[in-house]
Amino acid sequence: MFPIHSKGVEQELTFSKNPGRRRCRGFNLRVFRWSQAMVHFIEEINRDPVLLPNITLGYRLYDTCGVEMFSLRTALSVISQPLKRNGSGVCVSPSVPLIVGDSGSSLSMAISRLLNLFKVPLVSYFASCACLSDKSQFPYFFRTIPSDVNQARALAYLVKHFGWTWVGTMGADDDYGRMGIDMFTAEVTRLGVCVAYRITIPKLPSQQQLREIVGIIRDSTAQVVVAFAIEEDIEPVVKEMVSQNVTGKQWVASEAWVTSTLISTRENYASLSGTIGFAIRRAEMPGLRHFLQNLTPLGSPYNPFVREFWETQFRCSFNTTLPAASMADPVPYTKTCSGRERVQDTDSIYNDVSQLRVTYNMHKAVYAVAHALHNLLTDHNASISIHSLHPWQVVQYLRTVNYTNLFGDTVRFDENGDPAGAYDIVNWQSGSPGGPVEYVTVGRFDSSLPPTQQLLLNSDGITWHGGTREVPKSVCSASCQHGFRKATREGLPVCCYDCVPCAEGTITNETDQPECTPCPDDFWSNALRDACVRKQIEFLSYTEAFGMALAATAILGAALTLAVAAVFLRHHDTPIVRANNSELSFLLLLALGLCFLCALTFLGRPSAWACPLRRTSFGLSFALCLSCLLCKTLVVLMAFRATLPGDNAARWFRRPQQRLSVLLCSSLQVALCAAWLARAPPHPIRNTWLYRDRVILECHMGSVALFCCVLGYIGCLAAFCFMLAFLARKLPDNFNEAKFITFSMLIFCAVWITFIPAYVSSPGKFTVAVEIFAILASSFGVLFCIFVPKCYIIIFLPEHNTKKFIMSQKGGR
């Protein structure tokens, strides 16, 4: 069964008389070549001494005109032949073991459903609709062309391979077009590609419908069009595109028209240049050209299709019109055909054997039938007569056909009656100027291979639309580069989106990522948001300017303290040094030196030993300092009371008692620090919650309660010392230290009171800087208030540093 004519002629059915003979129009030279190729292959088999020896295959040719009704009438006529008498005089129905056909999927579906009733197998050479793989509906259907399931997957992989995410689709209004587009859409959607539009081509489109179809293609932002249609259906759309001069679109073709010379003409090339698509496998058949060219219209057996071909090819008419058995109208040519015209002198699609693809499928179908019959007869020997062969007997042998043909390909059917999905990838390229369009094979697809190896492409050999070698772009939105994520536009497909920069701490290092990836805990995004880099480690270091300034100030304080000690040591026998309890003064200077030096422990990277050191050195040095100040204040008070008649309190607070008091006051702080270190000592931590982009290395307090006890004890000493000094500030003494201690404690308390809010509100490493500043400020306050006035007198006013001067001023005013 072949659609030798592409369209049927509608008949008016009055139901008052028998309908006339069906008539068709549109003689198709390409399909006629297929039918002649089948005749050639059958004759080859009949000459083969190995395949079906001593058996001659016969055939009948039917024209279905590409119309379902005609196809059904043809199928009915095949399976309901008139009864004939055999050699013994018995009336039997002539056996037709199987039917080869049809080329269209819709026609094959209609025929196969009818043949199911009689268990007659149908072997198609060009019906690729995936629906025909359903064995529950088509149990006796076989084909030598791959199912469109493979083609839809192959087209989806091709679209994805070239980065097209925004494509238009077009399909014929039949099972082949509709199901092909449905499967392709499902595949590309799974791969992240969006379909911009879907066009259905009517079987008989009006001019207005064609203009609307071309308008959709022209106005769409999708630059790639995927078309599932046979050549007869897509031809009017292409003509309208050429008429409107629509260019700039990249066409992706299905196997039904990618190698069609009806479409790939020079007139259409401007709109369809660079078309790429999947074509069924081809083969070179040298003997076929000779057979086609030796066709004669007046030979035997009589073939009305040959006569019509002859008249169409040579534009002439025979003296008699075609017989009534023909389904075609007589061809009205004035020139008379002689029958001696030479086919080889013409140039048409009939004798073009450069792209034998469907013809190769026909070869596979005919030879598969022959091998099935051969295996059937070989297995049963003489138990089955070739003259009484039933169709259902052939079916089981068709299912097990497995042979390698002359071209090296294995022919077999799977459980669905389908062959393996193998295609050539064909690209339309311009040959010689004015010459035909060349179908250049640029790759292949084989579904039997692993998924990563199924698509094989030579991208460098492809010529795209307009003759360029650069792959065209077809996207709804430009790709989001590294550092951006896709944000879908509301109401539009997922391929239409905006590129939004990633938030801090997240990155994208691939194009078109839907979400930004958060960086790990110890990493942060760089400025471009395309890579995670290690977070900056932050602590107050000696190497930075601020840390260097604080360290220099601390060293300066320690140096000044040492200088004061040197001055006091050099003038230790002078009245002003001796009058102010030189032993406590030297002990106080030692404590102040330790206070300045402990500030240095707060600089540098926190560690397991640095954190306890900085906290305990701070607590102990200040406790020692304040203990000395407290004792000096008590000494002043006791000295004043010693001047009162009958008061012997001073004798109980001499040097041994002073040393014991300092030792006791400091020992309590030592006990607190020891408990702190034993129970929960300070330790280094990584502060990742204060700043998201960097890590602050700091010392955790460990036991907060014990830290508060250490700090509270220092506060109590300072407060008690301040109160005593304040009470003794106006005692009549020319060198009364109480007023200097009062000022120093005033500064001390003011610094540490303001330290608390400053410490809490300072971020990161600046909390350590505030703490160092408080240590240095309070230490300098004590140093300057207590010792600077004495040093000034010792150095610049030595005349006042005499016992006579001190005694003369004692008790003044």
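L560 is located in helix 13 of this predicted model. With a relative accessible area of 31%, L560 is partly exposed, because that class covers values between the 20% limit for buried residues and the 50% limit for exposed ones.

L560 also belongs to a nonpolar patch on the surface, together with L556, F784 and V788. The accessible area of these four residues together is about 320 Å². Two helices, helix 13 (545–570) and helix 20 (766–796), each contribute at least two residues to the nonpolar patch.

Q513 is found in the loop that runs between strand 20 (506–507) and strand 21 (517–518). Is Q513 buried or exposed? Its relative accessibility is 12%, so Q513 counts as buried, the limit for that class being under 20%.

The two residues are set out below.

| Residue | Relative accessible area | Class |
|---|---|---|
| L560 | 31% | partly exposed |
| Q513 | 12% | buried |

A polar atom of the Q513 side chain lies 3.1 Å from the backbone nitrogen of N509. When neighbours within four places in sequence are left aside, Q513 is in contact with F484, R485, K486 and T508.

Finally, the confidence of the prediction should be considered. The protein has an average pLDDT of 85, and 90% of the residues score at least 70. Over residues 321–328, however, the pLDDT is below 50. This stretch has 17 contacts in the model beyond near neighbours in sequence. Where pLDDT is low, predicted coordinates should not be read in detail.

Conventions. Residues numbered from 1 in each chain as written. Predicted model: local features only at pLDDT ≥ 70, side-chain atom pairs only at ≥ 80, totals over all residues. Heavy atoms only, no water. pLDDT = per-residue confidence, 0-100. Contact = heavy atoms within 4.5 Å. Patch = residues over 30% accessible without salt bridge, like charges linked within 9 Å, V, L, I, M, F, W, Y side chains within 5 Å. Areas by Shrake-Rupley, 256 points an atom, 1.4 Å probe, with all protein chains shown as cover. Salt bridge = Lys/Arg side-chain N within 4 Å of Asp/Glu carboxyl O. Helix = DSSP H or I, 4+ residues; strand = E, 2+ residues; numbered from the N terminus. Buried < 20%, exposed > 50% of the residue type's maximum accessible area, 1.4 Å probe, protein only. Polar contact = N/O pair within 3.5 Å; in protein donor to acceptor, adjacent residues only side chain to side chain.
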